[in-house]
Each structure stands twice: as structure tokens, then as C-alpha cells.
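Open the model in your viewer and keep the selection panel at hand.

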Amino acid sequence: MQFFFDMVLILDSTIRLSIPLLLACLAGLYSERAGIVDIGLEGKLLGSAFGAAAATAVTGNPWIGLLAGVGVAMAFSGIHGLASINLRGNQTISGVALNFLAAGLTAFLGQSWFGRGGETPPLTGPQRLSPIQWPYAAELGAFADNADNNPLLRIPAEIYSELISGQNILTYFAFLAVPLTAFVLFRTRFGLRLRAVGENPKALDTAGISVTLLRYQALVITAVLVGIGGTYLSIAQSAGFTPDMSNGRGYIALAALIFAKWRPWPALLVCLLFGFLDALQFRLQGINFAVVGQVPVQFIQMLPYILTIILLAGFIGRAIAPKASGIPYVKER
């Protein structure tokens with residue numbers, strides 16, 4: 001029984017750690033399905049995390065922070081769209097430039113505005129997005145604590161009170177975004193056109209549909225999703241912004257997108273897998289293992305990344321990107 005309850009706590013951490021990754025992965029899905037490679041997801045996550053935390057620290061309102069976070073991601077997507085769609089520049093270079101811009105700009109603005117070494121002031125109480133308690137969650141949680149002899153009743157009570165209830169609104173939005181993305185991409189006319197523009201933009205252009213407009217629409221959706229992901233990092237998962245707090249999640253989201261072969265449901269599973277490995281490494285720190293004893297904490301912290309590389313290298317199989325991905329569209333005259 002103790003193993004099960006430890007697993008519930010690990011799964012609770014898994015959900016919290018997976019959310020920014022999942023939102024960034026879905027953001028990249030829209031972008032790459034439309035033929036725009038978005039290496040700049042890392043910079044967008046970092047920039048929106050700073051924008052959300054800074055706006056919340058100044059106004060005290062997390063919803064204004066959310067708008068600011070999405071706004072920063074929109075600005076970054078606008079730069080990326082201008083460089084890659086209108087100016088037909090190299091999309092990879094544009095994305096990398098955005099990542100460097102975000103890392104430098106957030107540290108500079110953070111130090112200039114708040115004088116705390118690039119950090120924003122700590123957010124407390126109503127300045128953060130609070131967990132939402134579902135009906136009877138507290139009662140069922142108390143029941144689970146006192147139902148040691150009845151595991152059949154305690155297990156569902158624990159799952160409801162710990163896993164389903166007590167998450168913030170951005171967490172529920174992230175999980176809702178998965179079926180919504182699957183529906184939009186594979187069941188709507190807009191989704192059909194979006195996928196077509198990533199495969200054969202010339203055919204779409206011949207049919208009289210604007211390739212430029214569709215790609216900008218994809219970048220807008222990308223900005224909204226990744227902006228919410230960055231906001232989650234700074235005012236839901238954490239209590240403020242710290243330099244480089246995205247910690248490579250944008251790159252991992254791109255790897256997850258390839259592992260999922262540009263499909264939303266597999267993307268959810270891959271992001272949860274990485275979140276699980278990340279949560280597991282926190283649990284393994286400081287434990288004495290048989291034969292080897294205590295493993296250095298640095299090695300334990302590497303575990304999610306090592307396993308991600310192994311999974312990507314060994315189990316991905318053949319992943320075929322959208323054919324027009326990364327290729328600027330030039331309209332023939």
C-alpha cells in the first residue's frame with residue numbers, strides 16, 4: 001500500500017512538471033504542421049515567464065500576468081513570422097536568435113526593473129494561480145488518511161483528492177488542449193488546411209488560399225499556448241521569475257514532438273513520461289542503493305535527459321516531418 005501512495009505523490013509531481021512541456025509541445029505542433037520550424041520555443045517560454053511574473057509583481061493580478069505572458073510570446077512569434085515568412089530567412093537561425101534574445105533581455109530587464117540579479121520579487125497568496133479544490137475533495141482526503149484498513153475505498157479517494165482535485169486552472173487547460181488540438185487538426189477545415197500548408201503549400205496557393213495568412217494563424221496559436229506555458233512556470237509552478245528558469249524545456253518539447261511524430265495524443269504521453277522521470281529523480285536523490293550506495297545527485301539529475309536521449313534514439317523509429325517544414329514559400333508569378 002505504501003508503494004501505491006508514494007506513486008500517487010510521484011504522479012502528482014509528474015502532472016505539475018509536465019504542464020509547461022505539454023503546452024510548448026502542442027505549440028510546436030501547430031507551428032511545424034504549418035511548415036514553420038520553431039527552435040525559439042525555449043526563448044518564448046522564458047520570455048513569457050518573465051513577462052507574466054513582472055506584470056503580476058507590478059499589478060498584483062495574475063490574470064494580467066497571464067495576458068502579459070501571452071503578449072510577450074506573441075511579440076516573439078511576430079518576429080519569427082516576419083523573419084521566416086515575409087523575409088524568407090532561415091527559420092532555425094531565427095529561432096536560435098530568439099532564444100539568445102530572451103536569455104539576455106529577461107536578465108537585463110529583471111536587473112534594471114527590480115534590482116534582484118534578474119529575478120522578480122516573490123509572488124505570494126492571490127498573486128499566484130491557486131489550486132482549484134473540487135467538491136468533497138477535502139472530505140475524501142481526510143477519509144483516505146483514516147482508511148488504512150480499507151484500500152478499495154482509500155485508493156480512489158486518494159486519486160480524486162490528490163491527482164484530480166487541487167490542480168490550478170492552467171493544468172486543466174493544458175489537458176483540455178490535447179483533445180481540442182486533435183479535433184482542430186484532424187476534424188476541421190482549418191486543421192486540414194493547416195496540415196496541407198505544411199505538406200504542399202503550392203497546392204494550397206493554387207486553390208486560392210493564402211499560405212502567409214495560414215502560417216501566421218498557426219504562429220498566433222503557438223504563441224498563445226507557449227505563452228500560457230511560460231506563465232505556468234513563473235506564477236503557478238513557481239512563485240516568481242528566475243534567470244533561465246525554462247531550463248531547456250523548449251528543446252525537450254521539440255524532441256517530444258518528434259518522438260510523438262507530430263501528433264497530439266502521443267505528445268501527451270511523451271510529455272507525461274518526461275515529467276514522470278523528472279519527478280522520479282527528485283525522489284531518488286539521497287537514497288542509498290544496494291551495491292552502489294548513494295549515487296551523486298548530479299547523476300540523478302541527468303537521468304531524465306539520458307533516458308530521453310535513449311528513447312529518442314532507440315525507440316522512435318522513422319519520424320517523417322511535414323514535407324514543407326522549414327522551407328520558406330515563394331509564390332510563383
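What percentage of the 333 residues in the protein is buried? Buried residues make up 47%. Keep in mind that this is a predicted model.

**Whole chain.** Show the cartoon. You have 13 helices and two strands. Turn to the C-alpha atoms: they fill a box of roughly 75 × 50 × 45 Å along the principal axes. Now think about contacts between residues at least 6 apart in sequence: 79% of them join residues at least 24 apart.

**Helix pair.** Select residues 189-199, helix H8, and residues 211-237, helix H10. Their axes come within 10 Å and cross at roughly 105°. Angles of 65 to 115 degrees count as roughly perpendicular, so H8 is roughly perpendicular to H10. Next, show side chains. From H8, pick Phe190, Arg193, Leu194 and Val197. They meet Val211, Leu214, Arg215, Gln217, Ala218 and Ile221 in H10. This contact set divides into seven nonpolar, one polar and two charged residues.

**Core.** Stay on Leu194. It is one of the residues with the most contacts inside the largest nonpolar core, which has 66 residues.

**Last stop.** Centre on Cys25. Leaving aside neighbours within four places in sequence, Cys25 is in contact with Ala253, Ala256, Leu257, Ala267 and Cys271.

Definitions and conventions: Residues numbered from 1 in each chain as written. Predicted model: local features only at pLDDT ≥ 70, side-chain atom pairs only at ≥ 80, totals over all residues. Heavy atoms only, no water. Axes fitted to C-alpha atoms, helices over the stretch in contact; angles between N-to-C directions. Helix = DSSP H or I, 4+ residues; strand = E, 2+ residues; numbered from the N terminus. Parallel < 35°, antiparallel > 145°, perpendicular 65-115°, else oblique. Contact = heavy atoms within 4.5 Å. Nonpolar A, V, L, I, M, F, W, Y, C, P; charged D, E, K, R; others polar. Core = buried A, V, L, I, M, F, W, Y, C linked by side-chain atoms within 4.5 Å. Buried < 20%, exposed > 50% of the residue type's maximum accessible area, 1.4 Å probe, protein only.
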